[in-house]
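Reader: I have a model open and would like to go through it piece by piece. Can you take my questions as they come?

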Amino acid sequence: MTDRQHVLTSSRIGNVPTNSSRRKPGRVSAFADGWRRWWPYYLMMAPGILFFFVFHYLPIWETRIAFEQVRIVPPNVWVGLKHFQVLFSSPVFWQVLANTLIISTMKMVFFLPVPIIVALLLNEVRGGSLRKFIQSAIYLPHFLSWVVIAGIFIAALSPTDGAVNNLLGMAGIAPRSFMTDTGAIRWVLVFTEIWRSAGWDSLLYLAAIIAIDQQLYDAAEVDGANRWQKIWHVTLPGIVPTIATLFILNAGMFLNADLNQVINLSNDVVRSKIDIVDTYVYRIGLQTGEYSLATAAGLFKAVLGTMMIVVAHFVSKRLTGKGVW
Amino acid sequence: MALSRKTPIERIEYVIIVSTLLLLVVVTVQPILNLLAVSLSAPGKVPGMSGLAILPDGLSFEVWSVLLQHPNVQRGIINSIFITGVSTVIGVVGTALMAWGLSRPNLPGRKALFILVLVTIVFEPGIIPDYFVNKRLGLLDSYWSVILFKAVNAWYLIILIRFFEEIPKELLEAAELDGANPFQVFWHLVLPLAKPALATISLFYLVFHWNEFFRAMIYLNDQGKWPLQVVLRQFVIDGDKIAIVGADSANNNTGAGQLNLRALKAGMILLTIVPILAIYPLILKFFTKGTMSGALKG
């Protein structure tokens, strides 16, 4: 018999036997009552909770090697902030941090408007099947892995038989090897990001546009507004909260310049231009074996990233009512 | 349609809008169609084929037959299906069970558990600590290291909690009054009601695990355990020709060695996308709906 039933039957009888009058008063019995009712839920949640502890909280505990000297024969030796000192005095680290910030900034400036424009254009398309066709095509890349996308773009950007250079050739422009061009590779990151996710992200804005009150459009029409005036005075103001939310959330993820993207589009020629904190951690940690230094770099990024996300969450909550979670 | 009473300028505007979007469609789809064309062209025609072509020059299935018969590719396909299948089942079951508890408003410790989950979203200590945990647990070079990576995804968990919370309280109370225990309520009432949400997160997990390559790359030394994404990376990104062509064929220019490397790479990339394309109609149906309603609810 559950507690809820118990309460119902007893109230029907008419007396008021509270839990504490039936059992020993105090916190222990309250706990026991709670346990009697809730243990099935905890049993069901147990695998999930165990998972979070082992694969999310044990790694947090493992970050202590950022403060230790790893020795082949345990135990490791506590060295305090030594690895952080090495890290902060390493020019390579500042270079990868700068790369991360530059790439994130470029993505933010050049990526963010694209899905908004796509959503505004899509919203103008009457005819449901045409719109569905366009949507089905432009959402697809979002579901491809970066290995696949890198493969597609290595082919499409090939100096000899890639689509881009074939097109440039028609215009009489000499072929360029974009993938091994230190001046172009960051733009390759920006463009592939747009190719992959601008279509899909437009869905978020489209949802916001559809939620706009139709009466506002009718009123604008009565006032004689044309297509662009309606977009400017009704649609855009209607999606400003969504734009603000996504902008702030992106700002919170600023240090996550996407390891999977960089690791697949990188090569020896252009590495110095797009080496980011994550690829640096991977390289010095798992490839060179400097575990402590790599963990220190990862921890530095994680702490900074956490602060940015939390700040972004509260700014977003304050300004738009929507947070990260 | 309203189009008929539009002015000529408005019609031209409309044509420009639609053309812009169709151009976007071309930019999205053309590179993929080009790879398909290259992979299906007659071997002799591939060198010098334009990157703009979307139709095969001649027709040959040799590239596809070589790839599908290659032991590394076959192993990759089996490994990918195994890893994706097992981790999706574990993920959906684990997520649903945990979400059910966390969606009960009066669950003791609910808030603490929520914070426990949120912390894992905002604080990611990085790959080295993850690597050491797997090492300590003896999971390195085991399928489990890959299967259990993000086995319960915090974001999907939150989506499912939100969905379970929408189930009318009266329904749950009625079932409890009928004497159903939490397991029965979950199995007979909550799960059937949550079918669309469960389908959505199943697809999330499927896509996520199928596309995952980095963890497999760093945790699995044994090439026989590599999923397709890692095989693809070795061949296409690292340019390890021997991985697919085989040392003998590469040196003696026989068998697969005679085939154009560009065509083989194109085929290999497409092969890795096939499952995504196969479930793409479902993705469109559930993802789109989920994202739209999520955004509307705010």
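**Chains, domains and core**

Author: Happy to. This is a predicted model. In it, 81 residues of chain B are in contact with 77 residues of chain A.

Reader: Which helix gives the most to the side of chain B that touches chain A?

Author: Helix 1 of chain B, residues 8-40, which contributes 15 residues.

Reader: And how do the residues on that side of chain B divide by class?

Author: There are 55 nonpolar, 18 polar and eight charged residues on the side of chain B that touches chain A.

Reader: Now domains. What does the assignment give for chain A?

Author: The domain assignment gives domain 1 as 3-78 and domain 2 as 86-320 in chain A. Their centres, taken over C-alpha atoms, are separated by 41 Å. Six residues from domain 1 of chain A and five residues from domain 2 of chain A make up the contact.

Reader: What sort of residues does domain 1 of chain A put there?

Author: Three nonpolar, two polar and one charged, on the side that touches domain 2 of chain A.

Reader: What about the domains of chain B?

Author: In chain B the assignment gives domain 1 as 1-60 and domain 2 as 62-297. The C-alpha centres of these two domains of chain B lie 32 Å apart. Nine residues of domain 1 of chain B are in contact with 11 residues of domain 2 of chain B. On that side, domain 1 of chain B has six nonpolar, three polar and no charged residues.

Reader: Switching to the largest nonpolar core. Which residues touch the most other members?

Author: The core has 151 residues, and those touching the most other members are Ile152(A), Val281(A), Ala297(A), Ala99(B), Leu160(B), Met268(B) and Ile269(B). Helix 10 of chain A, residues 185-210, supplies the largest share of this core, with 14 residues.

Reader: Take Ala297(A). What is it in contact with, leaving aside neighbours within four places in sequence?

Author: Ala297(A) is in contact with Leu87(A), Phe93(A), Val277(A), Tyr280(A) and Val281(A). Val281(A) is also one of the core residues that touch the most other members.

Reader: Last one, Val89(B). Where is it?

Author: Val89(B) sits in helix 3 of chain B, residues 71-102.

Reader: Why does Val89(B) count as partly exposed?

Author: Because 13 other C-beta atoms lie within 10 Å of Val89(B), whereas a buried residue needs 20 or more and an exposed one has 12 or fewer.

Reader: And how is Val89(B) placed relative to Leu206(B)?

Author: Val89(B) and Leu206(B) are 117 residues apart along the chain, and 9.2 Å separates their C-alpha atoms.

Terms used. Residues numbered from 1 in each chain as written. Chains lettered and ligands numbered in written order. Predicted model: local features only at pLDDT ≥ 70, side-chain atom pairs only at ≥ 80, totals over all residues. Domains from an automatic or database assignment. Contact = placed C-beta atoms within 7 Å. Nonpolar A, V, L, I, M, F, W, Y, C, P; charged D, E, K, R; others polar. Helix = DSSP H or I, 4+ residues; strand = E, 2+ residues; numbered from the N terminus. Core = buried A, V, L, I, M, F, W, Y, C linked by C-beta atoms within 7 Å.
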